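I opened this entry to keep track of what I looked up, in the order I looked it up. The structure goes in first.

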Amino acid sequence: MRAIIKGRWLVIIAWVAITAGLLFAAPNMVDLVRNKGQLDVPAEYSSGMANKLMKEIQDEGESQVALVFHGDKKLSSSELKEIEIAIQKLESMLKSWQEAASSL
């Protein structure tokens, strides 16, 4: 630890050199998108499935929220209760925002 404190400038210079090296070695994202197209999350991932679900149920002029819970095991009753509480909080926040917007 004492050696790191004594050589703090050497450590900082090393970090800057590593960062600069990684920046220069990184691929050009513009060229990657041009050659391979827009990078997307695979459809089998949970966020890809949620995106598909949102596209199916979304109405024009309406805002939707999809909560996705992913795990290897089935949700326990206590976890389901926490989810219900979170949904109730979201619904009460939405009502508050709607009331505030209507008073403007």
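I take a polar contact as a pair of N or O atoms within 3.5 Å; within protein, one must be able to donate a hydrogen and the other to accept it, and residues adjacent in sequence count only if both atoms are side-chain atoms. I note that this is a predicted model, in which local features need pLDDT of at least 70 and side-chain atom pairs count only at pLDDT 80 or more, while totals for chains, interfaces and linings use all residues. Residues are numbered from 1 along each chain as its sequence is written, and side-chain values use heavy atoms, with hydrogens and water left out.

Entry: overall form.
I looked up the secondary structure and found 5 helices and 0 strands. Helices (H or I, at least four residues) and strands (E, at least two) are DSSP runs, numbered from the N terminus. Along the sequence I read the pattern as α-α-α-α-α. The radius of gyration is 24 Å, well over the 13 Å that the globule rule gives for 104 residues, so the chain is more spread out than a compact globule. That radius is taken over C-alpha atoms, and the rule is 2.2 Å times the number of residues to the power 0.38. Along the principal axes, the C-alpha atoms fill a box of roughly 60 × 45 × 45 Å.

Buried means under 20% relative accessible area, exposed over 50%, and partly exposed in between (1.4 Å probe, protein chains only). The chain exposes about 9900 Å², and carbon and sulfur atoms supply 61% of it. These areas come from the Shrake-Rupley method with a 1.4 Å probe; for residues, only the protein chains shown count as cover. I recorded 12 positive and 13 negative side chains, the centres of the two sets lying 16 Å apart. Lys and Arg count as positive and Asp and Glu as negative, with His and the chain ends not counted. Each charge is placed at NZ of Lys, CZ of Arg, CG of Asp or CD of Glu.

Entry: helix α3.
How many of the 8 residues of α3 are buried? The count for this helix (residues 29-36) is 0. At its start, I found a side-chain oxygen of Asn28 within 3.1 Å of the backbone nitrogen of Val30. Arg34 sits in α3 and counts as exposed because its relative accessibility is 58%. Its side chain makes a polar contact with the side chain of Asp31, at 2.8 Å. An α-helix has 3.6 residues a turn, so residues three or four places apart point the same way. Just after α3, Gly37 takes a positive phi of about 85°.

Entry: Phe69.
I placed Phe69 in the loop between α4 (46-57) and α5 (77-102). Phe69 is partly exposed, at 45% relative accessible area. Leaving aside residues up to four places away in sequence, Phe69 touches Leu75 and Ile83; contact means heavy atoms within 4.5 Å. Its C-alpha atom is 8.5 Å from that of Ser46, 23 residues apart along the chain.

Entry: two longer spans.
Asn51 lies in α4 and is partly exposed at 41%. From Asn51 to Ala20 I have 36 Å, C-alpha to C-alpha, across 31 residues of sequence. Ala100 lies in α5 and is partly exposed at 42%. The C-alpha atoms of Ala100 and Gln38 are separated by 39 Å, with the two residues 62 apart along the chain.
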